[in-house]
2 protein chains.
Amino acid sequence: MCFVDLADFYGLVQVAVVNQPELVKKFGSLPRETLVEVNGIVQLRKDPNPSLASGKVEIVLDNFTVVSASALSPIVVENKTDALEEVRLRHRYLDLRRPSMQDMLRFRAKTLSVIRKFLESNNFLEVETPILVRPSIEGAAPYLVEAGVENKERFALAQSPQLYKQMLMVAGIPRY
Amino acid sequence: MCFVDLADFYGLVQVAVVNQPELVKKFGSLPRETLVEVNGIVQLRKDPNPSLASGKVEIVLDNFTVVSASALSPIVVENKTDALEEVRLRHRYLDLRRPSMQDMLRFRAKTLSVIRKFLESNNFLEVETPILVRPSIEGAAPYLVEAGVENKERFALAQSPQLYKQMLMVAGIPRY
């Protein structure tokens, strides 16, 4: 028999292959990070793993399909990695599979959500202000944008929505 | 006596000036859109106005301060306006005082909020992707940006986060 960790965005679960030597050989020899589809029965584990959210159950494998084969991964997809930053950035899609990286994305989204809810419940109004503005000497000089469409107008990236915020204030919108 | 409409972001309420000829003259002759601070007593109206959220009450004026005087407004700050678009844009801070304009801002914010809540409750992850990217032949040519800081690098404004979304997908983030 063999045990393999099956992971997706929501966590990981143990897959057990029992009494099927052929399947053990095939499934057990898949390289790490192979994308698979598995069929099987979910049952209670005899030896639960309390450190895992899904540690009380396991999937007893019936059969599986390889959706996408994996070459040898240049990064170990674990929380701890000794990969150089350059390697991690080059293979960002693997780097972002590491649970600690996904936790950061999740934490960021959650933080934004909490801030938005707080502001909303305090009567703040969400207003989007223009990103491309007319270049000005102080406010928007450093990032000039050439619009390569039609008549090649030049804009600038706004560095701050200051003018728009002042306009909202004068327009009687106290919280934005 | 005289009656004046006092408005803020949340709505408007009637201010009544009674038994004070001096105050009637001063308060009643303020130009429209003057920014005032008023002191007075809130009381039930004898003739409630059911079409107004605050129609059951009025403020009986004690005294007031002009925070900011107003010249003759180039736009009538009402839902219906016959001002030309050019005039409205030139005096956008007055145009945005019109309740119908503020309703649109509110509706937009509410819509965004509802969409975000739906996506969040369905396990979507909010990820922000870069706005400035390396220029490429197809994806990001039309809007070239000259970064006027230091070494004048050239970037482009991303037209779509396609590559980043594909990277997230491969990284095992199914909903973003």
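Modeller: The largest pocket is lined by 47 residues, and those nearest its centre are Arg116(A), Glu126(A), Leu112(B), Arg116(B) and Glu126(B). This is a predicted model, in which local features need pLDDT of at least 70 and side-chain atom pairs count only at pLDDT 80 or more, while totals for chains, interfaces and linings use all residues. Residues are numbered from 1 along each chain as its sequence is written, chains are lettered from A and ligands numbered from 1 in the order in which they are written, and side-chain values use heavy atoms, with hydrogens and water left out.

Biologist: How is a pocket defined, and how much space lies in the largest pocket?

Modeller: Rolling a probe the size of a water molecule over the atoms shows where empty space is left. On a 1 Å grid over the protein atoms alone, a pocket is an open set of points where a 1.4 Å probe fits, with protein on both sides within 12 Å along at least five of seven lines, and lining residues have an atom within 4 Å of a point. Grid points are joined across faces, edges and corners, and the volume is the space filled by probe spheres set on them; here the largest pocket holds about 1800 Å³.

Biologist: Which helix gives the most to the lining of the largest pocket?

Modeller: Helices are DSSP runs of H or I with at least four residues, strands are runs of E with at least two, and both are numbered from the N terminus. H4(B) gives the most, with 10 residues, and the lining as a whole divides into 24 nonpolar, eight polar and 15 charged residues. In that division, Ala, Val, Leu, Ile, Met, Phe, Trp, Tyr, Cys and Pro count as nonpolar, Asp, Glu, Lys and Arg as charged, and the others, Gly among them, as polar.

Biologist: What is the volume of the second largest pocket, and which strand gives the most to its lining?

Modeller: The second largest pocket has a volume of about 1400 Å³. Of its 43 lining residues, Asp5(A), Leu6(A), Ala7(A), Asp8(A) and Glu33(A) are the closest to its centre, and E1(A) gives the most to the lining, with five residues.

Biologist: How many residues make up the largest nonpolar core?

Modeller: A nonpolar core is a set of buried Ala, Val, Leu, Ile, Met, Phe, Trp, Tyr and Cys residues joined through side-chain atoms within 4.5 Å, where buried means under 20% relative accessible area (1.4 Å probe, protein chains only). The largest has 11 residues, including Leu23(B), Phe27(B), Val36(B) and Phe64(B). Strand E2 (11-17), helix H1 (21-28) and strand E4 (57-68) of chain B each give two or more residues to this core.

Notes:
Buried < 20%, exposed > 50% of the residue type's maximum accessible area, 1.4 Å probe, protein only.
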